[in-house]
Amino acid sequence: MPTRDTRRETRDVSRPSPVSCLLSRVSRTVPVLLLGACSWFTDFKQQPKIDPWESPADTIAPRANPQASVPTVGTAAPGFEYNRLPMPQTIAAMASIPNPTPADSASVNRGRVEFQINCAVCHGPLGMANGPATKYGMAGIAIGAGSKAANEYTDGYIFGMIRNGRGLMPPYNRIEEPDRWDIVNYLRTIQGKGTIAADTSHGRPGETGSLLPGASRMGPTNPAAYYNPRAASAAPATSQAPAVTPTDTTKKPERKP
């Protein structure tokens, strides 16, 4: 009867198998890769949050401050003190507001850019009521040299006109409050009341650079007060802002599976 060779079945238990060597290498490599993908130095900037004016999704319009609220940088005409009705008595109430912006060359230059974009189309480059829009039926209103705006209106009154609008002039809420004062300072130069010579230069369509307004000085990190003219027209005409039911903004929107 043939004898069985047990030497082939004998294994050297002192040497690890190739599989165990591979597992050992993987167990040492994977933690290193995972740690390399982590950030050890975190701070309060790296956390779930919503920045000013940011909405939860790209398909949702940016958020805005509550109606008639005061911006974080302050305002010369808060909504709870001066309503936004385009009425002469409302604008007259803002006539005593002092102009907080010095009429230096920087302010006048910023006002020139804003004036040429927003105002000259109706009032004309020198405020003589001869803007391009008057050729198509828009009534021109003179605000330049020798006009009522030059001889009687204060800086605060003109600021109120830009803020509220009146008559044929709509409210220009897209112009931020600091830029409105710059427009007033530039308007004084074309009225001949400033120390800086009037400059009517402006850019052509498509030109950018210094011919366009600069960066926002109120938003988005310093958000401006939100104003919805539709909500204001639907609310009763009172001196106080309408009551708003507070909402819980700390809850995250529910996600549907």
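The largest pocket has a lining of 26 residues, and H123, I141, I143, M161 and M169 lie nearest its centre. The model is predicted: local features need pLDDT of at least 70, side-chain atom pairs count only at pLDDT 80 or more, and totals for chains, interfaces and linings use all residues. Residues are numbered from 1 along each chain as its sequence is written, and side-chain values use heavy atoms, with hydrogens and water left out.

**Largest pocket**
- The space in this pocket is about 570 Å³.
- A pocket is an open set of points on a 1 Å grid over the protein atoms alone, where a 1.4 Å probe fits, with protein on both sides within 12 Å along at least five of seven lines; lining residues have an atom within 4 Å of a point.
- Volume is the space filled by probe spheres set on the points, which are joined across faces, edges and corners.
- At least two lining residues come from each of α3 (105-118), α4 (120-123), α5 (148-151), α6 and α7.
- Helix α6 gives the largest share, three residues.
- Helices here are DSSP runs (H or I, at least four residues), numbered from the N terminus.
- The lining has 20 nonpolar, four polar and two charged residues.
- Ala, Val, Leu, Ile, Met, Phe, Trp, Tyr, Cys and Pro count as nonpolar, Asp, Glu, Lys and Arg as charged, and the others, Gly among them, as polar.

**Aromatic pairs**
- There are three aromatic pairs in the structure.
- Y153 and Y157 make a stacked pair, at 4.4 Å centre to centre and 25 degrees between the planes.
- Rings of Phe, Tyr and Trp (its six-membered ring) pair if their centres lie within 6.5 Å, and planes under 30 degrees apart count as stacked.
- Y153 and Y157 are both buried, meaning under 20% relative accessible area with a 1.4 Å probe, protein chains only.
- F159 and W181 are also stacked, because their ring centres are 4.3 Å apart and their planes are at 5 degrees.
- F159 is in α6 (residues 155-164) and W181 in α7, so this pair ties together parts 22 residues apart in sequence.
- Both F159 and W181 are buried.

**Cysteines**
- The whole structure has zero disulfides; a disulfide needs two cysteine sulfur atoms within 2.5 Å.
- For C119, the closest cysteine sulfur is in C122, 9.0 Å away and too far for a bond.
- C119 is buried at 15% relative accessibility.
- C122 is partly exposed at 22%, a class that runs between buried and exposed, the latter being over 50%.

**M218**
- M218 sits in the loop between α7 (177-190) and α8 (229-234).
- M218 is buried, at 5% relative accessibility.
- M218 and P71 are 147 residues apart in sequence, yet 8.0 Å apart in space, C-alpha to C-alpha.

Conventions. Phe/Tyr/Trp six-rings, centres within 6.5 Å; stacked < 30°, edge-to-face > 60°.
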